[in-house]
Amino acid sequence: MNTPLNRRHFLRSSTALIALPALESLGFRRFAAAAPLAPPKRLVFLGFGWGITTESWFPDIKKPGADYEMPAGLAPLARHKADFSIVQGLCNKYSNEGHWGSTMWLTGANRFAEPGQNFHNSISADQVAAAKLGLNTRFASLQLNGGENAEASGHGPGLSMAWDLSGKPIGGHKGPVEAFHRLFSKDTTPIEQQKAMLAQKRSVLDTVLGNARALQRGLGKTDTSKLDEYFQGIRDIETRLSKDEQWIGVPQPNAPLPEPQPGLAGREEIKVMYDIILAAIQTDSTRVLTYRQPVSTLLTSLGIKVAPHDMSHYHSTMGEKLDASQRRDLTQSELLSGFLDKLKATKESDGTPLFDHVALAYGSNIRTEHNLDNCPTLLSGGGAGIKLGHSIVAPKDTPLCNAWLTLLHGIGVNAERHGDSTGVLKELIA
Amino acid sequence: MKPFVCLLSALIFAQPVALIAEETASRATMNERHKAFLQNHCEGCHGAEKQKGKFRVDHLSFSMTNLETAEKWQKVLNQMNSGEMPPEDEPQPSRDAKADFLEDLSNVMVAARRSLSDQRGAITMRRLNRREYRNTLRELLGVEINVSELPSDTGTGGFDTVGANLFMSGNQFEQYQTLGREALTEAFEWQAAAGVAKKLRYEAETFTPIMEKFVAHQIDARERARNWVKAVEEAAALPENQEVVARLKKESKNDAIFRRSWEKIPGAPSPRTFGFDKKGENDADLANDSLGAGWLPYHQYYLRQPALDRGAYLGIQTLHPAEINANYIELLVPFDWPVGDYIARIRVAATDDAPPERRFLDFGIHARTGRVMATHEITGSMEAPQTIEIPLTLTRGNAERADRTLFIREKGSWDTNEEGGRKRSEALKRNGIGPELALWIDWMEIERVPNASKPKPPGIAALSIPLDDKAPAPTPQEVHAALERFASEAFRGTPPPPNYINDLMALYDVRRKAGDKHAAALKETLSVVLSSPMFLYLVEPGSDEKRRPLTGLELANRLAYFLWAAPPDAKLRDLAGHGELLQPEVLAAQTERLLDDPRAEGFIKAFTHQWLGMDRIDFFEINRALYPRFDTATKLAAKNEIYETIGYTMRHNASLRELLKADYVVVNRVLAHFYGISGVKGNAFEKVSLPENSPRGGLLGMAAIQFMGGNGERTSPVERGAWVLRKLLHDPPPPAPANVPAITRLAGKVLTTHERLLAHQEDPQCASCHRKIDPIGFGLENFDAAGQWRTEDSYQATDANGKPDPKTKKTWTIEAAAVLHKGPAFKDYFGLRDIVASKSDSFARGFSSALIEYALGRPCGFSDEPLVESMLQQSEKKDLKMREFIRALVSSKEFHTK
């Protein structure tokens with residue numbers, strides 16, 4: 001059972017299609033690097049849990065187009081006005097949970113879709129992209145999380161914003177320090193030893209796989225599919241190890257930023273995490289990123305004492321809750337604006353700005369309070385070739401997944417549909 | 001015990017499956033009387049003739065027996081909740097008719113969701129959840145490690161034992177490996193240090209000369225500063241400096257700032273010549289500060305106290321602790337002391353004049369972050385101080401200085417800077433000195449207790465080979481056998497497959513060949529066991545179609561993870577292995593034994609926390625300016641009161657009714673003081689009788705419960721009402737619907753809470769739920785946001801700058817009288833409590849459902865109604881005694897069936 005042949009066989013026989021490391025791919029990369037190549041496309045999702053302040057975040061819904069007046073909540077983004085669009089009218093029609101800002105944001109799934117179960121999810125848009133864009137980078141995708149309890153920030157269940165092909169949660173890196181190390185910690189181990197360690201890791205996987213197979217005997221269907229998560233987990237590590245193998249001898253990129261201070265929270269944390277995302281793109285470590293941002297600690301870092309959930313219910317009293325909500329909007333916009341600055345200022349090898357090759361979505365499944373319609377959606381970056389600089393109003397309750405599908409198509413991932421999509425969002429086509 | 005057999009047959013014969021299905025169907029069905037509503041308000045556009053939006057309701061089945069129908073009704077509900085249907089320009093239903101329709105539809109929707117997600121008794125195989133994983137390592141290796149990096153396993157709404165919601169991922173697998181390795185390292189260190197005894201005492205009077213020196217320094221520095229100021233002023237007064245001085249004065253806000261520019265005044269001397277050197281910053285700052293001699297009177301007051309030759313007082317934070325620290329005493333556990341069991345001891349007294357609220361001592365680790373671990377009331381006097389003992393465990397997680405520095409401090413004296421500052425300035429205003437000194441410390445001591453005589457934890461005992469490299473490494477045969485014994489122990493008695501042990505052995509060999517010593521290779525190999533599926537999953541093989549009874553070992557696992565959240569011990573496994581556990585009387589006796597064991601706390605805490613929705617307690621902080629008494633220690637005690645009370649009722653097999661109303665509370669001294677109740681004798685939580693007419697006693701009287709029903713600042717009758725409906729009356733309101741238009745017109749108005757909430761009655765979308773929720777909340781308004789009893793409340797609007805505007809302040813006497821929707825009226829909190837207490841049958845039903853879900857690891861569906869009924873019947877015969885529910889559940893067919 002321990003021969004590599006068997007393991008490969010196991011990988012091939014799995015239901016999910018796993019891209020095995022093709023030996024050529026490394027050679028191809030090296031060959032290709034000699035000729036100038038168009039910079040690759042990237043996809044970035046930035047999600048915040050508790051939504052925004054409806055009254056001051058959205059442009060006037062009655063005046064769509066390029067000449068819209070910048071709403072107060074987006075004011076810090078004014079200098080980028082020509083380079084992003086706000087889309088109104090989008091929603092995930094199956095969403096019912098007023099405290100789940102991120103669980104189904106990128107999936108559009110119906111939590112009740114599976115009879116006999118009370119929770120179901122499906123693949124998220126980033127993972128659809130990662131299956132194609134992730135083949136040639138060190139990490140197929142990166143999932144980043146705020147360094148705090150996701151529930152306090154209104155994100156809902158999930159280990160990150162990403163969900164895999166079978167709708168299971170994908171783990172994420174918590175906070176800037178962890179993310180930094182994942183990306184840039186140098187492996188100074190000699191190559192032979194690295195190979196030996198990989199072999200050891202594979203033996204570990206073979207051992208636990210053997211154990212899982214022994215356990216699988218005699219299980220019913222439901223339990224087998226539960227155990228499949230374990231198999232899938234091991235498969236994911238296998239895929240990663242194969243990638244590691246492919247990358248042995250290719251040194252980790254130099255970190256374009258210093259190691260973050262431990263203990264950053266809230267505003268500073270988001271700022272540094274944006275720098276890390278930028279660095280990950282810049283070094284082409286990955287082309288697909290999601291970041292589930294902290295909201296609870298963001299408030300604390302602004303000296304706001306209103307509890308985050310309470311803040312989103314500002315309608316009953318306005319006053320300090322509304323104030324907190326609006327200050328949150330402003331800070332988030334400021335941070336995003338800074339991130340866009342850096343995307344524009346950083347150049348690709350061909351001299352074009354990174355910004356031109358990134359497709360970026362920023363938003364939440366929650367608008368305000370428990371409102372799950374007109375999900376706040378800001379799209380930016382030149383990567384997907386969508387219409388920028390506009391306040392776009394889609395017909396009411398257009399699937400949010402139509403926007404995701406449009407972005408996927410724009411970056412060259414021609415999925416037929418995504419989630420509950422009914423087609424691309426024609427209002428977004430430039 | 002016969003009931004098991006009887007019950008089994010009763011279940012099988014008395015409840016034909018069809019009946020259950022019928023029952024389910026009727027709950028997930030809209031009442032026919034609503035046909036008219038649809039005909040009158042919907043079918044015009046969504047009927048046979050027109051199908052606007054391709055949606056028609058005339059064909060819509062009233063029974064939501066499939067997902068498709070349920071989704072269509074969900075759409076109806078969403079459209080009506082958002083106020084879009086019926087359209088504004090169409091005739092509108094009356095407010096009450098719409099509210100009634102919405103109420104029914106919301107409830108039927110909940111029933112439909114529940115019925116459609118009913119697992120019909122099928123239990124999905126589950127992995128150990130986060131806390132079970134921690135406990136299982138603890139039982140196996142004798143150490144407790146921090147598992148907070150793992151996902152919390154909550155969030156989908158159910159209990160964290162529900163297998164279907166317990167996921168696994170590649171990341172997590174690696175975390176298990178890391179944590180397993182950590183646990184093994186910790187365990188190996190415990191074994192290595194088993195016999196180590198250490199003791200260290202800090203005599204508190206060590207501080208006295210430090211304070212004396214500091215006071216002398218303050219007086220001297222003040223004198224020097226005065227002299228420097230005098231010299232600067234003399235220079236400034238020189239006629240030739242008039243111009244420059246005038247300009248500098250104009251630029252400076254005050255004299256101190258003016259003096260910072262001494263260099264520009266010809267003739268003014270450098271502060272350094274007076275001994276002020278601020279190391280590169282402006283020396284004048286140091287001189288200016290010294291002039292004020294901050295807190296000198298307080299420090300001098302300190303030195304006037306008696307018994308300074310024998311001890312020290314715990315005061316307030318005056319200057320930065322790096323300068324002088326009279327606020328807390330710290331004790332660093334030396335870095336070379338190993339992991340293990342420790343005891344901290346403190347000899348302490350309260351001063352003669354200390355008021356009752358200031359006779360409490362906080363103990364914790366790392367004063368700067370202030371995590372309070374224990375709080376003791378101090379009853380010792382200056383003549384006869386007392387010695388407090390606090391047991392604690394230090395692990396590898398306590399390696400850093402901050403994590404091994406113990407501290408003691410007066411309770412709540414410095415939980416936050418604002419709060420400490422507030423207390424300080426209040427006292428200063430009162431007496432010109434600062435808060436009076438209330439606690440005196442003789443000494444503080446830390447001792448490591450050898451644990452060599454304790455039996456080895458089963459995992460370590462199973463290995464029985466050397467765990468370090470001092471002895472010669474064991475032979476491969478010995479390692480092989482050790483791995484097999486360890487895996488069998490880790491897999492809770494299931495023998496590991498032979499191939500698996502061979503694979504492990506190969507891993508061990510590879511590590512050894514790669515240069516690892518025995519101990520390192522062994523640890524690495526064992527960590528694989530701790531991330532293997534047979535360790536991580538509670539396995540009950542069987543097909544989906546054919547249910548089968550559990551084996552003895554499976555039953556032992558189910559029982560132990562239910563009542564301990566930990567694996568079965570040797571005794572239980574022994575009984576299971578011999579088949580005796582399957583005998584009802586043996587099972588009953590083991591159930592009692594498990595409930596009596598301290599490990600039952602693993603069940604009580606986790607179950608209570610989730611059942612009562614206690615996560616809200618940690619969602620927000622109290623506003624300390626408004627509720628200064630609800631300090632960190634009090635909040636902790638209030639939270640623990642809930643666990644301790646449920647634990648008490650379970651230990652003493654009290655009636656579940658006592659959770660609704662009781663003539664006693666289970667509190668410690670901290671909470672008794674907060675409640676104004678006397679009679680606590682020991683230092684832990686204990687039962688104390690209440691005076692007549694006390695609002696305390698039962699869940700509703702608990703500070704933490706009422707705290708959850710607010711936001712730390714104001715109360716929320718809605719949160720409270722919904723909680724009572726959900727948790728006590730088993731009549732949960734449907735989840736807060738999405739997309740209901742917010743009521744904004746009252747914002748900024750100065751209204752009583754009651755007046756504000758009346759707005760809920762206007763819109764039928766709101767009224768459909770709030771007419772049930774809000775009256776209950778009104779009845780609890782006598783509890784403030786910290787759970788203290790009050791008779792009036794007030795509200796202030798905020799001005800344009802977000803500051804409360806005192807001109808708008810409105811104060812009112814609380815009217816707790818209300819009428820329950822379709823129910824009786826009550827005139828005050830006590831009336832409401834009596835109504836709630838009279839519904840103990842509903843409470844018992846909710847409790848039973850929660851137990852079923854928690855214990856079986858699957859949602860409690862409609863198909864479980866017979867089980868709930870039988871649990872109720874059995875418990876009612878015994879006055880709803882807590883353990884009867886458990887006994888009934890454990891002896892049920894469901895508990896014994898895969």
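## Where chain B meets chain A

Two residues are in contact if their C-beta atoms, placed from the backbone, lie within 7 Å. In this predicted model, 59 residues of chain B are in contact with 61 residues of chain A.

Several helices of chain B build the side that touches chain A. Helix H5 (95–116), helix H7 (170–192), helix H16 (498–513) and helix H18 (533–536) each supply at least two residues of it. H16(B) gives the largest share, 7 residues. What kinds of residue make up the side of chain B that touches chain A? They divide into 31 nonpolar, 24 polar and 4 charged.

## Chain B as a whole

Chain B has 898 residues, and 43% of them are buried. Its secondary structure comprises 32 helices and 17 strands. Along its principal axes, the C-alpha trace of chain B spans about 105 × 85 × 55 Å.

Now take the contacts in chain B with a separation of 6 or more. Of these, 73% join residues 24 or more positions apart.

Helix H20 of chain B covers residues 570–577. Which of its residues are buried? They are B:Leu572, B:Arg573, B:Leu575 and B:Ala576. Seen down the axis of H20(B), these buried residues fall within an arc of 160°, so they line one face of the helix. An α-helix has 3.6 residues a turn, so residues three or four places apart point the same way.

What covers the buried residues of H20(B)? The cover includes helix H19 (552–563) and helix H21 (584–596) of chain B. On the other side of H20(B), B:Ala570 and B:Lys571 are exposed. Just after the helix comes B:Gly579, with a positive phi of about 80°.

## A proline in a loop

B:Pro732 lies in the loop between helix H26 (717–728) and helix H27 (753–758) of chain B. Why does B:Pro732 count as partly exposed? A residue is buried if 20 or more other C-beta atoms lie within 10 Å of its own, and exposed if 12 or fewer do. B:Pro732 has 14 C-beta neighbours inside 10 Å, so it counts as partly exposed.

Which residues does B:Pro732 contact, leaving aside its neighbours within four places in sequence? The contacts are with B:Leu725 and B:Arg726. B:Ile773 is 41 residues from B:Pro732 in sequence. In space, the two are 9.6 Å apart, C-alpha to C-alpha.

Conventions. Residues numbered from 1 in each chain as written. Chains lettered and ligands numbered in written order. Predicted model: local features only at pLDDT ≥ 70, side-chain atom pairs only at ≥ 80, totals over all residues. Helix = DSSP H or I, 4+ residues; strand = E, 2+ residues; numbered from the N terminus. Nonpolar A, V, L, I, M, F, W, Y, C, P; charged D, E, K, R; others polar. Arc of directions from axis to C-beta.
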